Amino acid sequence: MDHTAFMIGFSVMALASLALYATGGKTATSYPHTLLHASVPFIAATAYLAMALGVGNVLLANGTPVYLARYADWSITTPLLLASLVMQASGDRGKPAETGGLIAAIVVLDVMMIVTGLLSSLAETSLVKWVWYAWSCAAFLGVLYLLWRPLRTLAAEKGHAASAAYAKNVALLTVVWFIYPIVFLIGPEGMRIITDSASIWLFLVLDITAKVIYAFYAAANLEKALRHTHQGVGRP
């Protein structure tokens, strides 16, 4: 394991959490997103600290290291990111039952994606490992379907500015999230093409991109859409 990467992850995530809250929007519309985006790196910082201290780090009989705190982090932070996207897509026009149903569906699929990914990493026989990996990818496809079909349709009903902001946010998150299963695939939990240290650093870069860079990017797009909407409302 690479303690330097874990401590860098802890430091970056902790500082980013404070920065996201301090600079995030505080209006009635933007404040919930600020809270969600600030909480994500705080949770990630906790996971990186746990990994740095060796809490939940498991070494399988075949020598494969598995970091349980990483999966605990993902099982909480990814639903929060998705909840923010659902709220952005539905907005004030969304019906509570419809919004709640979409959040429930996408969160269930997302958590199943993470849990089955963990089962794949813990499996020590090839067949079992790839069955769980394939099932995790199937859940991921379900998440993508909800993001790009019903939720994108909802966002489009809010006007061009809101739709464009949602499309930009979901596009970046989709690209970054697509890389995670690839790193898993080539890492020690998968085909063992790269070392454990290399996978740790790659996951660190992905986490910073998905939890920090994305949060600032998403907040900027949301604020731009809100300004455009308010300007439109103020016109005669």
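Predicted model: local features only at pLDDT ≥ 70, side-chain atom pairs only at ≥ 80, totals over all residues.
**Exercise 1.** Work out how Trp-74 and Tyr-180 pair up, and which parts of the chain they tie together.

*Solution.* Start with the count: the structure holds 10 aromatic pairs. In the pair of Trp-74 and Tyr-180, the ring centres are 5.5 Å apart and the planes make an angle of 85°. Planes over 60 degrees apart count as edge-to-face, so that's the label for this pair. Next, find the helices: Trp-74 belongs to α3 (residues 68–90) and Tyr-180 to α7 (residues 160–186), so the pair joins parts 106 residues apart in sequence.

**Exercise 2.** Now follow Tyr-180 to Phe-203 and decide: is Phe-203 buried or exposed?

*Solution.* Look at the rings: with centres 5.9 Å apart and planes at 25°, Tyr-180 and Phe-203 are stacked. Phe-203 sits in helix α8 (residues 196–234), so its pairing with Tyr-180 in α7 ties together parts 23 residues apart in sequence. Then check the cover. Buried means under 20% relative accessible area; Phe-203 has 2%, so it's buried. Tyr-180, at 10%, is buried too, and so is Trp-74, at 8%. To wrap up, ring pairs link Tyr-71, Trp-74, Tyr-180 and Phe-203 into a cluster.

**Exercise 3.** Which helix gives the largest share of the nonpolar surface patch?

*Solution.* First, the patch has about 820 Å² of accessible area together, and its members include Val-108, Leu-127 and Trp-135. Both α4 (96–122) and α5 (126–148) supply at least two residues. The largest share, 5 residues, comes from α5. Take Leu-127, which lies in α5: its relative accessible area is 66%, so it's exposed, since the cut-off is over 50%.

Conventions. Residues numbered from 1 in each chain as written. Heavy atoms only, no water. Patch = residues over 30% accessible without salt bridge, like charges linked within 9 Å, V, L, I, M, F, W, Y side chains within 5 Å. Areas by Shrake-Rupley, 256 points an atom, 1.4 Å probe, with all protein chains shown as cover. Salt bridge = Lys/Arg side-chain N within 4 Å of Asp/Glu carboxyl O. Helix = DSSP H or I, 4+ residues; strand = E, 2+ residues; numbered from the N terminus. Buried < 20%, exposed > 50% of the residue type's maximum accessible area, 1.4 Å probe, protein only. Phe/Tyr/Trp six-rings, centres within 6.5 Å; stacked < 30°, edge-to-face > 60°.
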